Amino acid sequence: MSPDTLRRRFLETGGIVILLLVAVAGAAAIIEPRFLNRLNILNVLRNFSFLAVPAIGQMIVMTTGGFDLSVGATMALASVVTAAAMAAMPDAHGVQLLAPVALALASGACVGLVNGTLVARLSLSPFMVTLASLSIVAGITLYYTQGIPIYGVSDAFVDAIGRGQVLGLPPVLLLALAVIAIAIILQRRTALGRHFYAVGGNLGAARLSGVRTHRVLITAYVLSGLLAALTGVLITARIGSGQSTIGGTLGLETIAAAVIGGVSLRGGSGRAENVAMAALCLSIIANAMNLTQIDSKFQTLVLGLVLIGALAFDRFVQGRRANV
C-alpha cells in the first residue's frame, strides 16, 4: 500500500481527529487536575451532548454542499416554544409533557423545511437563506420574550431529562449517542444517506442518475432543524426555563465540529462518528478554559482561531486529494 493511500485512509477514517482528541484530553488533565473529577467529566459529557446533536444536523447539510447558519436561532425558538407550552398547561404530567416537546420539534422542522425549500426549489444560496432565517427566527423569539426568560417548565421534565441520571449517566448523553448511532446507520446503510453524498459530490450528476435532488436537499435541512430543536428542548430541561439567547455561539461551534470532523466545505464527504469526536474535542477545550478561569471573551476568540485552523486544514486536505 503506497504512502499516499495510507495517508488518505488515515484522514478518511478520522485518524487526525482521534489524535487531536487524545492530545486535547491529555493536555487538559495535565494543566488542570480537576478535569478528571467525576462530576467534571459528567459536565463535559453533558456539554458534548448539547453540541454533538446539532453538529450531526449541520454535518448532514454540509454533506449536501450547504450550510445551516440558523441552528442557534432554531434552538432558541424550540426553547421558547417548550417553556411557553408547558407554562400554558401547568397541570400536565407524564405523557402530556410530550405535547410541548412535539410542538418544539415541529417548529424546528418548519424552519428546516423553509430553508430547504428555498435552497432546493429556488436555487438560492444556502449561506444567505439560513442567514436570513437566523435573523427572522431570532427576531421572533426576542419579540415574543422581550429578552426575558420564560418560566413554568415542568419540574418533572427538568428532573427526568435535564438533571437526572440513568445508569449514572446524563439522559441527554444517552439521547446524543442514539442520535449519533442513527446518523451512522443513515449514512452507511440507507439510500438516503448515499444520496446526501451524491448530491454534495455532484448535484448535476446526481440528478441525471435519477436522484430526487430537491427532496434530498429539503430532507437534509429538515433534519438539521429537527436536531437543533431537539437540542433546544434538552437545554431547556437543563436550565429549567425558555430563553431566546441559548443559541449563542452554538451555531458557529457546529460548523467548527463538522469541519474538524472532516466534513468538506464542498460537500460529498463526512462521517458522523468523526464529527462526534470533534464535538468532544471542542467541549474539552471549553471545559479546560472554564476550569483555568480564562475570560469568556477570550474563549470566543479561541473558538474563532480553531475554526480558521480547521478551514485551513480542510483546504490542505482538498489540495492533497486533488494531487493524488
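Visitor: Hi! Which helices do the buried residues of H8 pack against?

Guide: Welcome! This is a predicted model, and in it the buried residues of H8 pack against helix H3 (38-63), helix H7 (155-162), helix H9 (191-201), helix H11 (213-239) and helix H13 (272-291).

Visitor: Which residues of H8 are buried, then?

Guide: They are Pro171, Val172, Leu173, Ala176, Val179, Ile180, Ala183, Leu186 and Gln187. As background, an α-helix has 3.6 residues a turn, so residues three or four places apart point the same way.

Visitor: And how many residues does H8 have?

Guide: H8 covers residues 171-189, which makes 19 residues. From its first C-alpha to its last it reaches 27 Å, close to the 27 Å expected at 1.5 Å a residue.

Visitor: Switching topic: how many salt bridges does a search of the whole structure find?

Guide: The search finds two. In one of them, Arg188 pairs with Glu273, and their closest N and O atoms are 2.1 Å apart.

Visitor: Where do Arg188 and Glu273 lie?

Guide: Arg188 is in helix H8 and Glu273 is in helix H13, so this pair ties together parts that are 85 residues apart in sequence. Arg188 itself is partly exposed, at a relative accessible area of 45%.

Visitor: What does Arg34 form a salt bridge with?

Guide: Its partner is Glu32, with 2.9 Å between the closest N and O atoms. Arg34 counts as partly exposed at 47% relative accessibility, whereas Glu32 is buried at 13%. In general, side chains of opposite charge can pair when their charged atoms come close.

Visitor: Now the surface. Which residues make the nonpolar patch?

Guide: Ile294, Phe298, Leu301, Leu305 and Ile308 make a nonpolar surface patch of about 470 Å².

Visitor: Where does Ile294 lie?

Guide: Look in the loop between H13 and helix H14 (296-323). Ile294 is partly exposed there, with a relative accessible area of 31%. Patch residues need over 30% relative accessible area, so Ile294 qualifies on that count.

Visitor: One more thing: what is the phi of Gln146?

Guide: It is positive, about 55°, although Gln146 is not a glycine. Most residues other than glycine have a negative phi. You will find Gln146 in the loop between helix H6 (126-145) and H7, and at 56% relative accessibility it counts as exposed.

Visitor: And Leu167, is that one buried or exposed?

Guide: Leu167 is exposed, with a relative accessible area of 84%. Its phi is also positive, near 55°, and its place is in the loop between H7 and H8.

Definitions and conventions: Residues numbered from 1 in each chain as written. Predicted model: local features only at pLDDT ≥ 70, side-chain atom pairs only at ≥ 80, totals over all residues. Heavy atoms only, no water. Helix = DSSP H or I, 4+ residues; strand = E, 2+ residues; numbered from the N terminus. Expected span 1.5 Å × (residues − 1). Buried < 20%, exposed > 50% of the residue type's maximum accessible area, 1.4 Å probe, protein only. Contact = heavy atoms within 4.5 Å. Patch = residues over 30% accessible without salt bridge, like charges linked within 9 Å, V, L, I, M, F, W, Y side chains within 5 Å. Areas by Shrake-Rupley, 256 points an atom, 1.4 Å probe, with all protein chains shown as cover. Salt bridge = Lys/Arg side-chain N within 4 Å of Asp/Glu carboxyl O.
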